[in-house]
Every structure is written in structure tokens, then in C-alpha cells.
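Thank you for making time for this today. Please have a look at the sequence and the model on the screen, and then we will go through a few contacts together.

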Amino acid sequence: MGHCIHVIVAPASTADTISQQWPELPRLDRANGFSIFPIDGDLIDARISPDATPTETGDEFILLTNGFRMELRRLSRNGLLAYVETEYFGGTGGQGALVCRDGDEIMPPEWNESGTINAALKLIGLKRGILADQFMAAGFADVRVDADILDLIAGQSAKDVQ
């Protein structure tokens, strides 16, 4: 079984700004005051010029090109955000994260086997639960791929209509 997600996570105040600046991004609002924006290459390419150059940290990240890094810094001009990726299959793989605040990277891209996402989510103020780390508190243990998050967004939208 694998785990492969590519998302921006932000507190509600920053998330509102992201939604205003990039309305095409799907958004999942969580009860803990944070929002998750699943992202894919098509959304990035539609927003910025396609950039196949991997980030300076190496080629572990799938979507984090230099152009996308600049876009994340721009989106953070009025707050905090984290970009996170996971790429696990059969118990092997890793996770990466980047944190931006007020247009600057306060946690440059980092890729490890574990712990990176928890560190990033802690930096943006996401609190861990009593029996859960930040990864679980964000709801990432309940999803496996970006499509699972999109399904949750569809369910959230259906409730908003009712």
C-alpha cells in the first residue's frame, strides 16, 4: 500500500488569501482551522510556465520545481503555508516539505524518510492531538492519494449545499 500526496496546508487566514489569489485550487477546510489544497502538475503548469527543473535540493520532490517554489513564496506574502509531498510504497520512500512566511522560506525544501512533515506543520502552528502527531492531526493518515482529498472536498461541498 502506498501514500502519495502533494498539498499546500495553511491556517484559515492564509488559506482565504490563497483561495482569492488562486481560485482554481480545490480546498478542504478542516475542523482544526487549517485548509488543505491538493495540487497537481496541471494546476501548476496552468498557473506558471512549465518548469521541468527539479528544485535545488535534488530530484526527490515530484512537483516542487523552482518556479513553483517562487509561487509558494508569493502566496505566503500575507501569512504562513507549508507545501508537503509524500512518496511511499511498500514501506519505503519519503516525505518532503517547505514552509513559507511573508514571502520567505522559513524552512527550505527538506526530504527525509520521516518527520519532515510534522516539523513543517508545527512551524505553521498546527497542533498535534493527544494521541496523534501533526501528520495525523492534519488528516493525512486518513488519505492515501490526492484523489482521496478531492473526494473529501466533494463531500464537504455536498454538505454546504444541503
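In which helix do Glu71 and Arg74 lie, and how many residues apart are they? Both lie in helix α3, three residues apart, which is about one turn of the helix. An α-helix has 3.6 residues a turn, so residues three or four places apart point the same way. When I say helix or strand, I mean DSSP runs numbered from the N terminus, with helices being H or I of at least four residues and strands being E of at least two.

Before going on, please keep in mind that this is a predicted model, in which local features need pLDDT of at least 70 and side-chain atom pairs count only at pLDDT 80 or more, while totals for chains, interfaces and linings use all residues. Residues are numbered from 1 along each chain as its sequence is written, and side-chain values use heavy atoms, with hydrogens and water left out.

Glu71 and Arg74 form a salt bridge, their closest N and O atoms being 2.7 Å apart; the term requires a side-chain nitrogen of Lys or Arg within 4 Å of a carboxyl oxygen of Asp or Glu. Glu71 also meets Arg47 in a salt bridge, at 2.9 Å from N to O.

Arg27 is buried, with a relative accessible area of 19%, while Asp29 at 38% is partly exposed.

Let us return to helix α3, whose buried residues are Gly67, Phe68, Arg69, Glu71, Leu72 and Leu75. The elements that cover these buried residues include β2 (6-11), α1 (12-21), α2, β5, β6 (92-101) and β7 (104-112).

Phe68 and Tyr83 have ring centres 5.1 Å apart and planes at 85°, so the pair is edge-to-face. The rule is that rings of Phe, Tyr and Trp (its six-membered ring) pair if their centres lie within 6.5 Å, with planes under 30 degrees apart counted as stacked, over 60 as edge-to-face and the rest as tilted. Because Phe68 lies in helix α3 (residues 66-75) and Tyr83 in strand β5 (residues 80-89), the pair ties together parts that are 15 residues apart in sequence. Phe68 is buried at 0% relative accessibility, and Tyr83 is buried with a relative accessible area of 0%.

This brings us to strand β5, where seven of the 10 residues are buried, so the strand is largely enclosed by the rest of the structure. Which strands does β5 pair with, if pairing takes at least two DSSP bridges between two strands? Strand β1 (residues 2-3) pairs with β5 in the antiparallel sense over two bridges, and here His3 stands opposite Tyr88. Four bridges join β2 to β5, again antiparallel, with Val7 opposite Val84. Finally, 10 bridges join β5 to β6, which run antiparallel, and Thr86 stands opposite Gln95.

Terms used. Buried < 20%, exposed > 50% of the residue type's maximum accessible area, 1.4 Å probe, protein only. Contact = heavy atoms within 4.5 Å. Pairing = 2+ DSSP bridges.
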